[in-house]
Amino acid sequence: MPKYILKRAIMSLITAFLVATLTFFVMNMVPGGPFLSEKAVTPQAQAAMEAKYGLDKPLFQQYTTYMTGILKGDFGLSIKKRGRTVSQIIGTKFPVSAKVGGLALILAVCTGIPLGAVAAFNRGKFIDNLLVVLSTAGIAIPSFLSSTILIYIFTTKLKWLPSLGLKDAQSYIMPVVALALYPTFYMARLMRSSMLDVMGQDYMRTAKAKGVTTFKAIFKHALRNAILPVITYLGPLLAALMTGSFIIEKIFNIPGLGSEFVSSITSRDYPMIMGTTIFLAVFIIIMNLFVDIAYAIVDPRIKLK
Amino acid sequence: MEEIKNNPLSLQWSLEDFTPASVEDKESLVFMRESVSFWKDGLHRFRKNKIAMSALFIVFLITICCFLIPGVYPYKYEQQMKGSERLAPMQYSKTEQKQIDAGEKVFPHLLGTDQNGRDYMIRVLVGGRVSMTVGLVASVLILVIGSIFGAIAGYFGGLVDMIMMRIVDIIYTVPDVLIIILLAQTLKFPLEALASKPGFAWMQKLGSNMISMFIVFALLYWVGMARIVRSQIMVLKQSEYVTAAKALGAGSGRIIFKHLIVNCIGTLIVTTTLQIPSSIFTESFLSFLGLGVQAPMPSLGSLASAALNGFQTYPEKLFAPAFLIFIIILSFNLLGDGLRDAFDPKLKQQ
C-alpha cells in the first residue's frame, strides 16, 4: 500500500506539472493580455506594468521563473487585485466554496444513497417507480434553473429565505440545496442500479439460505458491495463541489473560488489563472487518490499495486 | 409375422421403423425458434418498454415541432416588431389590435414577445432547434473522436495505452471553463476572418461562437467516451475472432474498425444517446456564460439565461425555454436508459 501511494503520488506530480505547463503556454498564446481592458494606458505605463510582473521577458524565461517560484511555494502576485498574493486570494475564497460544497456533498450522500437503496428494495412497487421518475427528472434540470426556481418560490413568493450572500445560516439553505440536487438524484440512480445488481448475486442467496436476517444481509452484504460504484463517483464529485460552481456562486452572489476563477480568466489575471488551475488540478488528483484508497478499504478484493 | 412381432424377446425388427422420415415428420420435430439477431432481439425488448417508447415519441414530436414549424410560422425569429415589445402571452399590440378590428386576421403571440418585439414562441422553437443541433453534432463528434482514441489505446495497450490515457487524464484535470473561455476568445477573430472568405459563407450563418463550441466539444468532452470504449475493447480483444483475424493476417486498423468497434456498437449507441442531453446541458451552461450561440440566433440556454434578469416580472419567459430544455433532456435520458436496457448484453439475463 505505501508503495502504491508513493507511485500514485509521483504520477500525480507529473500530471500536475504537465497541466501547469500546458495551461501556461495556452494562456500566453491566446491573443490579448491583462492590460488590454484598462482604458487610456500609455505605452510607457503598460511597459512599466509588464516589467513589474515580468511579462516583458521571453516566454520561456517567464515559465522557468514561474515554475521555480512554485517549487518555493510562491504563486506570485495577482495582477488585478493589487498587492495581494494568489495564495492569499485562494486562501480566502476556497473556504467559502468548500463550506457550501461540503454541505451539499453531505446532503447529497445522506439523501441520495438511502433513496437509491430504498428504491431497489421495493423494486417495481409504487415507491420505486416514484423515485425513478423523480431522479430521472432531477438530473434533467440545469443548475441555473433549479436555483432560480428555488429563489422564485422561497424568496419572491414566500419571502422565507434570503437570496443573496452568505450572511447567516439560513442563507446557506438555497445554494446548498441547488448544488446538491443533481448529485443527489444521480447517486440515487447509481445506487439503485448497483443495489439491484448486488441483490441478484449468489452470495445474497447464500446469506438468506444460511439464515442471516434480512437486516443483517442488507447492511453487511448488500450495502457494502453496492456502494462501490457510488464511491467512484464521489471523487470527481467532491472536487467539483468543493471548488465551487460558477453558476450557483454567480446567482446567489457567493464570493467563492468558482466565480473568482472565471473572472480571473476573463480579465487575464495570469498568476491567478495559473495558481487556481494548479490548485484545482492537485485537489482533483488528491481526491481521486483518496477514492482509490477508500475503495481498497471497503472492498478487500481490490489490491492496490 | 404377427407372432414374431408380439414376442418381446424377439430380435426381429419391423422394417417400417427404418424407412426415411417424411418431410412432415421432420418438421413436427423442429421446435427451434427462428434465429434472432442482435438488432431484432434488442428492438423487441425496446418496443416492450413503454417509457422508452413514449420518450422516443416525444423526441420525435419535439424534433418535428422545432425543425418544421419555424418554416411555416408567420413570424421570424429575428423579426423585430416595433410597438409590440414585452407583450404578455396572447396579448396584441395596438397596431395589431387595429388590424383585428378592421377585420384582418393576426396570428396571436402564443408566448408574447421579448424586449425587442420578437415573437417569443418562434424564438423558443428555433432555440430548441439550435440546442438539438448542438447536442446531436457534439455527440457525433464525441462519438467519433472518443471511440477511435479509446479503441486505439485499448487495443495496443502497454506504453501506447499509458501515454494516451495520461493525455486523457490531463484533459480531464485542466478546468474546462478555462479552455472554453480562452478558446472562444482565441477563435473569434480567425473564424470571423475565415467566414468572410468566399466558400465559407455557411460559417457566418452558424456564427463563430457555435463553431468554437463544436471545437470545444471535440477537444474536451470526448474523454469519458474514450474511457468507456477503451475498457470495452480491452475485454473484446481477447476474443477468438480477433485471434482468428490476426492469424489470417489482418492489420491492426482492420481489426479495430472491422471487428472491435463494430462489436461494441451497443455501448456506443447508448453512450451517444446519453451524451446528447449532457451536450445540451453544456450548451446551456456556455450560453449562461455568454459563450453560447450568437445573437440574434437563440438557443434554449441563452433564452433562459436572458430571461433570468427579469424573471420576477416575466416568469413565463424563463419557464417556456426551461420547460423545453427539461423535456428534451428528460426524454433523451429515458430513451438512453431504454436503449441500454434493450441492447446492453450484461442486462440481458435479468
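**Exercise 1. A helix pair in chain A**

Task: Find the handedness with which α8(A) passes α9(A), then describe how the two helices pack.

Solution. 
Step 1. The crossing of α8(A) past α9(A) is right-handed. Keep in mind that this is a predicted model.
Step 2. Locate the helices. In chain A, α8 covers residues 202-209 and α9 covers residues 214-226.
Step 3. Read the geometry. Their axes come within 11 Å and cross at roughly 155°.
Step 4. Classify the angle. Angles over 145 degrees count as roughly antiparallel, so α8(A) is roughly antiparallel to α9(A).
Step 5. List the partners. From α8(A) come A:Y203, A:M204, A:A207 and A:K208. They meet A:A217, A:H221 and A:A222 of α9(A).
Step 6. Sort the residues of this contact. Five are nonpolar, one is polar and one is charged.

**Exercise 2. Chain A as a whole**

Solution. 
Step 1. Residues 169-188 of chain A are 95% helix and 0% strand, with end C-alpha atoms 27 Å apart. Residues 272-298 of chain A are 100% helix and 0% strand, and their end C-alpha atoms lie 38 Å apart.

**Exercise 3. Where chain A touches chain B**

Task: Work out which elements of chain A give two or more residues to the side that touches chain B, and what kinds of residue lie there.

Solution. 
Step 1. Count the residues. 34 residues of chain A are in contact with 32 residues of chain B.
Step 2. Name the elements on the chain A side. α1 (2-29), α5 (126-138), α6 (143-157), α11 (246-251), α12 (257-266) and α13 (270-298) each give two or more residues.
Step 3. Pick out the main contributor. α1(A) supplies the largest share, seven residues.
Step 4. Sort by type. The chain A side has 25 nonpolar residues, nine polar and no charged.

**Exercise 4. Is chain B compact or spread out?**

Task: Decide between "compact" and "spread out" for chain B, using its radius of gyration.

Solution. 
Step 1. Chain B has 16 helices and zero strands.
Step 2. Bring in the record. UniProt, in an unreviewed entry, places "transmembrane region" at residues 51-73, 134-158, 170-191, 211-229, 260-281 and 318-336 of chain B.
Step 3. Look at two of them. Residues 51-73 of chain B are 96% helix and 0% strand, with end C-alpha atoms 31 Å apart. Residues 211-229 of chain B are 89% helix and 0% strand, with end C-alpha atoms 26 Å apart.

**Exercise 5. Two helix pairs in chain B**

Task: Give the angle, axis distance and handedness for α4(B) with α16(B), and for α8(B) with α10(B).

Solution. 
Step 1. Take α4 (residues 50-72) and α16 (residues 315-343) of chain B. They pack at about 140°, with axes 8 Å apart. That angle makes α4(B) oblique to α16(B). Their crossing is left-handed.
Step 2. Sort the contact of α4(B) with α16(B). Its residues divide into 12 nonpolar, two polar and one charged. The charged one is B:D337, among the α16(B) residues of the contact.
Step 3. Take α8 (residues 176-195) and α10 (residues 208-220) of chain B. They pack at about 135°, with axes 8 Å apart. Here too the helices are oblique. α8(B) passes α10(B) in a right-handed crossing.
Step 4. Sort this contact. It has 11 nonpolar residues, three polar and three charged. Among the α8(B) residues that meet α10(B) are B:D176, B:K188 and B:E192.

Note on methods. Residues numbered from 1 in each chain as written. Chains lettered and ligands numbered in written order. Predicted model: local features only at pLDDT ≥ 70, side-chain atom pairs only at ≥ 80, totals over all residues. Contact = placed C-beta atoms within 7 Å. Helix = DSSP H or I, 4+ residues; strand = E, 2+ residues; numbered from the N terminus. Axes fitted to C-alpha atoms, helices over the stretch in contact; angles between N-to-C directions. Parallel < 35°, antiparallel > 145°, perpendicular 65-115°, else oblique. Left-handed = near helix turned anticlockwise from the far one by under 90°. Rg over C-alpha atoms; globule rule 2.2 N^0.38 Å. UniProt positions renumbered as here; feature names shortened; annotations may be inferred.
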